[in-house]
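Thanks for making time this morning. I would like to walk you through one model, going from a single residue to the sheet, then the helices, and finally the contact between the chains.

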Amino acid sequence: MTEDADGPDPAAFAADADVLAADLFVDGDAREALDVARTHDWVTLVASEPLLDDTEAVVRALGDDDLAAEWRAKAESLATLVDHPEGDQPALSAAVHGGAAHVLSMDDRLQSAATGAALSGRVDVSVKSPAGFARLFDPETLYPTVVGGEYPGPDRDPRE
Amino acid sequence: MTETTWRDLFDRAADHGVTVEDVQKVLADHRDDD
């Protein structure tokens with residue numbers, strides 16, 4: 001694990017492939033959650049090659065090859081990529097190895113798996129739905145702790 | 001070459017009419033195949 005003694009970064013999160021693909025295709029909770037990273041350069045989206053591979057496969061299946069390739073390039077420019085062991089649940093492992101505090105998923109089974117791992121002390125991440133994350137993540141409250149000073153508001157155009 | 005914007009990607013993706021349920025099913029099938 002790469003997280004330091006202070007624990008995982010509260011301004012870093014991983015999103016599972018269902019959330020990443022829903023962000024692209026559906027204008028709803030997933031997009032609102034990912035907009036947190038797109039609008040703030042101090043908020044880190046953590047991902048891994050296997051996680052992007054899964055998402056790219058979904059985008060190719062539901063969209064087309066060009067959309068999948070361009071989504072991949074854009075996602076790589078937004079995310080911080082980390083390595084993790086082959087066979088791990090990619091979103092959970094990317095969060096753990098990237099020192100992120102949150103995992104976004106729409107899969108209840110991942111929530112249960114992460115809760116079990118957390119109870120056994122193996123991981124220190126919280127799995128949230130995109131809606132829950134968007135509702136609970138408050139940049140204005142977090143900024144003084146993570147960056148310091150008064151929250152200046154969003155610093156990036158989330159659609160660029 | 002101009003970099004693709006998120007706005008452009010979202011506009012093109014919307015043309016496919018995909019739902020959250022579609023995403024979940026395709027991802028589940030993809031991971032089951034691995």
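Predicted model: local features only at pLDDT ≥ 70, side-chain atom pairs only at ≥ 80, totals over all residues.

Let me start with Gly153(A), whose place is in the segment after helix H8 (139-146) of chain A, where helices (H or I, at least four residues) and strands (E, at least two) are DSSP runs, numbered from the N terminus. Residues are numbered from 1 along each chain as its sequence is written, while chains are lettered from A and ligands numbered from 1 in the order in which they are written.

Is Gly153(A) buried or exposed? Gly153(A) counts as exposed because it has 10 C-beta neighbours inside 10 Å; the cut-offs, with C-beta atoms placed from the backbone, are 20 or more other C-beta atoms within 10 Å for buried, 12 or fewer for exposed, and anything in between for partly exposed. In sequence Gly153(A) is 114 residues from Thr39(A), yet in space the two lie 8.9 Å apart, C-alpha to C-alpha.

By contrast, take helix H1 (residues 17-25) of chain A, where nine of the nine residues are buried, among them Asp18(A), Asp23(A) and Phe25(A).

Turning to the sheet, five strands of chain A form an open sheet in the order E3-E2-E1-E4-E5, with parallel pairing, two strands being paired if DSSP finds at least two bridges between them. Strand E3 (80-81) and strand E5 (126-128) of chain A each have a single partner strand and stand at the edges, so one side of each is left without a neighbour in the sheet. Strand E2 (residues 44-47) of chain A runs parallel to E3(A) and is joined to it by two bridges, and Val46(A) has Thr80(A) in E3(A) as its bridge partner.

Next, the helix packing. Helix H3 (residues 49-62) and helix H4 (residues 65-78) of chain A have axes that come within 8 Å and cross at roughly 150 degrees, where axes are lines fitted to C-alpha atoms, for helices over the stretch in contact, and angles run from 0 to 180 degrees between N-to-C directions. That makes H3(A) roughly antiparallel to H4(A), a label for angles over 145 degrees, as against under 35 for roughly parallel, 65 to 115 for roughly perpendicular and oblique for the rest.

H3(A) also packs against helix H5 (residues 90-97) of chain A, at an angle of about 150 degrees and with the axes 8 Å apart, and these two helices are therefore roughly antiparallel as well. In this second pair, Pro50(A), Leu51(A) and Asp54(A) of H3(A) meet Pro90(A), Ala91(A) and Ala94(A) of H5(A), contact requiring C-beta atoms, placed from the backbone, within 7 Å.

Finally, chain B, whose secondary structure comes to two helices and zero strands. The C-alpha trace of chain B spans about 40 × 20 × 10 Å along its principal axes, and 21% of its 34 residues count as buried. How many residues does each chain bring to the contact? Chain A gives 22 residues and chain B gives 19. On the side of chain B that touches chain A, helix H1 (6-14) and helix H2 (20-33) of chain B each supply at least two residues, and H2(B) gives the most, with eight.

Note on methods. Contact = placed C-beta atoms within 7 Å.
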